[in-house]
Amino acid sequence: MKSQQPTRRSGNFASTTASSRRHFNATGAMSLMGFALNALLQNERVSAAAPADDPFARPEMEPKSYDLKPKSPHFEPRAKAMISLWMQGGPSHLDLFDPKPELQKMDGKDFEGDIKYDNAAEASSKLMASPWKFHKHGGCGMEISELLPGLGEVVDDITLIRSMHTGVNNHGQSIQAMQNGRIVTGRPTVGSWLTYGLGCETENLPAYVALIDPGQLPVMGVENWTNGFLPSIYQGTVIRPQAPRILNLDPPQYLKGAAQTEALHYLEELNREHLARRAGYHDLEARIASYELAANMQLAAKEAVDFSTETQATLNMYGLENPETKEFGARCLIARRLIERGVRFAQIFTENQRWDHHGSIVSKLPTACKKVDVPSAALVKDLKQRGMLDSTIVHWGGEMGRLPVIENNSGPSRVGRDHNTYGFSMWVAGGGFRRGHVYGATDELGHKAVEDVVNHFDYHATLLHLFGLDAERFHYDSNNRSLSLLDNQGGRVITGLLA
C-alpha cells in the first residue's frame, strides 16, 4: 500500500507537495487562463521554473518590482489621461489644415527647388492646389477645410499645430518617431512610458489600450503599442473592433461564483510563491499580473464597452446612427468610457494606409474624413461637457503630411500627393494645451515647416511636461544604461502650446 503524501490546503482546494502553478494552469480549470492579456510571453518556457544553473540568470539582476499602481509625477500635472486618434498613412495637411493662397495661384506650374520624393517613379514637379475650400470657424477664426465640418465646431477648444516635423520619409520610421521617439524598432510607445511613469487609476481595467480598426492593423502592427524594453506589464492591451471586444471574460458556468473565487485565490498563492523565488523576472511578474487583471475585468470591462446607459443624444453625437461614422464613433465612445473609469492611455487606430493618398485623392480623402470627423469632434465635445477635457489630452494626427506637387499625373480623378515629413499638421486638445490656437507654419507652398518647428521629440517633451514628468529625470535603467523617451535628442517643452 502506497503511503499518502502530505497535503496543503487553501480554501477548499487541496494539493500534494508536488503541485505547482504550472500544474494548476495546465489542468485548464478556468477558461480565463487562456486570456494572457497582452500575449505577454512569446514562449511559455520563460515563465517555467528557472534551474539553479540558468545561463541567463544574472547575479547583478536588480530585484525591482513593477506594477500599475498610481504613482506620483515629478510635479503637479495638467493632464491625467490621453486619447490619441491615430490617422495612419499621412493626412494631407494642404487639403485639411493648412490653406496656401500662393499654392492656389501657382496651380499647375513647376515647383522650383529641391524636393524629396518617396515614390520617384510616379513623381511630378507640377504644383497642385487644393480642390477644397477653407473656411474660418469659431471665435478664433481658425481656417479648416470644408472636408472637416465636425472639427469646425470645436476649433475653439483645440490647438492646431501646422509645423510638425520628423524628417524621415517612410511610413515605418516616421510612425516610430511619433509613437516611440526614435526611428528604430524595439522602443516603448508613448502609452507605455506614461503607464510606466504614472501607473493607472483603476485595478479593474488595463492601463493602456489600443482600439484597432476592423479593416487592417496599421503599418508596423503591434509595434504601435509595444512596451519595447520596458517590462511587459506596460504593453498596450488590444480592444477588438467588434463584439466581443475582449475575449474569454466569461468562466464556464460550473465555475462561476464561489468556485472561481476559491480557484483564483489558490492560483494567486501559487503564483506568488513561484515569483518569490525568481526576483527580477519581469515577464513572469507581468504574466501573473495579467491573470489577476483578467479576473477583475470580468465585470468592469463588459460594463465599460456597454452603451446601454448612454443617452440617445450622446449616441447620435458620436454618429452611431450613421453607417459611415458608426464604427469609428463607437471606438471613440469606448475610449471616453475607459478614460472615465481610470484608464491612463487609449489610442484609436485607422486601418493600414487609410490616409496614404498617392492617387485618387479627390475621391479617397473625403471618404477618409467622413469616417472620423464627426466622432473625433464628438469626443472633444463629450469630454468638455463632462468636465474631463481639462485633464484629458486628445490628439489627432498621423506620421506625415503630403507634398504640394502632383503624384500620378494621369488625369484629374487619379492624381495624388506623395509623402511629406518635413512639414505637416496635427491637432491637440485639453489637458493643458491652449484653446482656439494655431501654432507654427510651413512655407508659402506648404512644403517645409519654417516657423516654430515642432519635432517629434519636442512634442513628446511637452506631453511629458503636461503629465507632470520632467523629461530630464524620467528614465528607465537597464543593463547599466539610462533609457528615456527623448533619448538625448534635446526635446524642449514648447511653452507656446500651453494654456
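User: Which residues line the second largest cavity?

Analyst: This is a predicted model, in which local features need pLDDT of at least 70 and side-chain atom pairs count only at pLDDT 80 or more, while totals for chains, interfaces and linings use all residues. Residues are numbered from 1 along each chain as its sequence is written, and side-chain values use heavy atoms, with hydrogens and water left out. A cavity is a set of points, on a 1 Å grid over the protein atoms alone, where a 1.4 Å probe fits but cannot get out, and lining residues have an atom within 4 Å of a point. Those around the second largest cavity are Leu148, Leu151, Val372, Asp373, Ser376, Ala377, Trp396 and Trp427.

User: Which helix gives the most to this lining of the second largest cavity?

Analyst: The lining divides into six nonpolar residues, one polar and one charged. Helices are DSSP runs of H or I with at least four residues, strands are runs of E with at least two, and both are numbered from the N terminus. With four residues, the top contributor is helix H11 (residues 361-385).

User: And which element gives the largest share of the lining of the largest cavity?

Analyst: The largest cavity has a volume of about 70 Å³, and Met82, Ser84, Trp86, Phe345 and Tyr459 are among its lining residues. Elements giving two or more residues are strand S3 (81-86), helix H5 (171-180), strand S10 (345-349) and H12. Three residues, the largest share, come from S3.

User: How many residues apart are Trp193 and Phe474?

Analyst: Fifteen is the kind of count to start from here: the whole structure holds 15 aromatic pairs, where ring centres of Phe, Tyr and Trp (its six-membered ring) lie within 6.5 Å, and planes under 30 degrees apart are stacked, over 60 edge-to-face and the rest tilted. Trp193 and Phe474 form an edge-to-face pair, 5.6 Å centre to centre with 70° between the planes. Trp193 sits in helix H6 (residues 190-198) and Phe474 in the loop between helix H12 (456-466) and strand S20 (476-478), a separation of 281 residues.

User: Is Trp193 buried or exposed?

Analyst: Buried means under 20% relative accessible area, exposed over 50% and partly exposed in between, with a 1.4 Å probe and protein chains only. Trp193 has a relative accessible area of 0%, so it is buried.

User: Which residues have the most contacts inside the largest nonpolar core?

Analyst: A nonpolar core is a set of buried Ala, Val, Leu, Ile, Met, Phe, Trp, Tyr and Cys residues joined through side-chain atoms within 4.5 Å. The largest one has 61 residues, and its largest share, ten residues, comes from H11. Most contacts inside this core belong to Leu85 and Trp427.

User: How many residues are in the other core, the one with Trp86 and Phe474?

Analyst: That core lies apart from the largest one. Tyr459 and Leu498 are also among its residues. The total is 47 residues.

Notes
1 Å grid on protein atoms, 1.4 Å probe; cavity = no way out; pocket = protein on both sides within 12 Å on 5 of 7 lines; lining within 4 Å. Points joined across faces, edges and corners; volume = space filled by probe spheres on them. Nonpolar A, V, L, I, M, F, W, Y, C, P; charged D, E, K, R; others polar.
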